[in-house]
Amino acid sequence: GMEATDIHQARVNLTWRKAATVVLPVGLLVWMIVAGRTVSSAAFWALVLNAALYPLLRPEGWKGWRALGEKYLGGIVQGVQTLVGVAGLLVIAQAGVTLINTTGLAVVISQGIVGMADTSFGVALIVAIVTLLMGAGLPTTPSYIITAALASPAMITLGFDELRQAS
């Protein structure tokens, strides 16, 4: 088990102030999605709540606002740098999806999937295998995008509901 000093340190580290900056935004996110808001709107407001709560509930209180601003700015810079890398992958994936749709390969593949599996479970299994195989040679996000472009016509043909964004 844990030693008494480790338990005490864990209790000191996990205060209600730290927990509130995580629990309240996640609770808001879940509530807004359940209430029918769009996921992007719910995520935006959860981030705003988190950004507002953190400076108010941090242990330093009202001191050190400059350091906090530098942390926020550093986080924004790091997010933009990550976004640049992901955007490049998404552009490549979109080029692949456009190529597949332009050549008619998506129709051929979806007809093949429907022909091989007449049940929803069969289609889901084939899609899972294709995703696994494509994931071996592609990064995760482009793999999912290309698999969705190939598999969604077959899944819709077999009666799967289309995903629609709540308005």
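This is a predicted model: local features need pLDDT of at least 70, side-chain atom pairs count only at pLDDT 80 or more; totals for chains, interfaces and linings use all residues.

**Entry 1: a surface valine.** I began with Val23, which sits in helix H2 (residues 16-34). Helices here are DSSP runs of H or I with at least four residues, strands are runs of E with at least two, and both are numbered from the N terminus. I found Val23 exposed, at a relative accessible area of 55%. My cut-offs are under 20% for buried, over 50% for exposed and partly exposed in between, with a 1.4 Å probe and protein chains only.

Val23 also belongs to a nonpolar surface patch of about 460 Å², together with Val22, Val26, Val30 and Val34. A patch takes residues with over 30% relative accessible area and no salt bridge, joining nonpolar side chains (Val, Leu, Ile, Met, Phe, Trp, Tyr) within 5 Å and like charges within 9 Å. A salt bridge would be a side-chain nitrogen of Lys or Arg within 4 Å of a carboxyl oxygen of Asp or Glu. The accessible areas come from the Shrake-Rupley method with a 1.4 Å probe, and for residues only the protein chains shown count as cover.

Residues are numbered from 1 along each chain as its sequence is written, and side-chain values use heavy atoms, leaving out hydrogens and water.

**Entry 2: a threonine in H2.** Is Thr21 buried or exposed? Thr21, found in helix H2, is buried, with a relative accessible area of 10%. I then listed what Thr21 touches, leaving aside residues up to four places away in sequence: Asn50, Leu53, Tyr54 and Leu57. Contact means heavy atoms within 4.5 Å.

**Entry 3: helix H3.** H3 covers residues 39-57, and its 19 residues should span 27 Å at 1.5 Å a residue; the end C-alpha atoms are 26 Å apart, which agrees. The expected span is 1.5 Å times one less than the number of residues. I noted Ala42, Ala46, Leu53, Pro55 and Leu57 as the buried residues of H3. They pack against H2 and helix H4 (65-103).

**Entry 4: aromatic rings.** I looked for aromatic pairs and the structure holds one. Phe44 and Trp45 form it, edge-to-face, with 4.9 Å centre to centre and 75 degrees between the planes. Rings of Phe, Tyr and Trp (its six-membered ring) pair if their centres lie within 6.5 Å; planes under 30 degrees apart are stacked, over 60 edge-to-face and the rest tilted. Phe44 counts as partly exposed at 46% relative accessibility, and Trp45 counts as partly exposed at 43%.

**Entry 5: helix H4 and what follows.** H4 has 39 residues and reaches 56 Å from its first C-alpha to its last, close to the 57 Å expected. Its buried residues are Leu68, Ala93, Gly96, Val97 and Ile100, and their cover includes H3, H5 and helix H7 (140-157). After H4 comes Gly104, with a positive phi near 85 degrees. Leu105 is in helix H5 (residues 105-116) and is partly exposed at 40% relative accessibility. Leu105 and Leu150 are 45 residues apart in sequence, yet 8.1 Å apart in space, C-alpha to C-alpha.

**Entry 6: the whole chain.** I counted seven helices and zero strands. Of the 167 residues, 20% count as buried.
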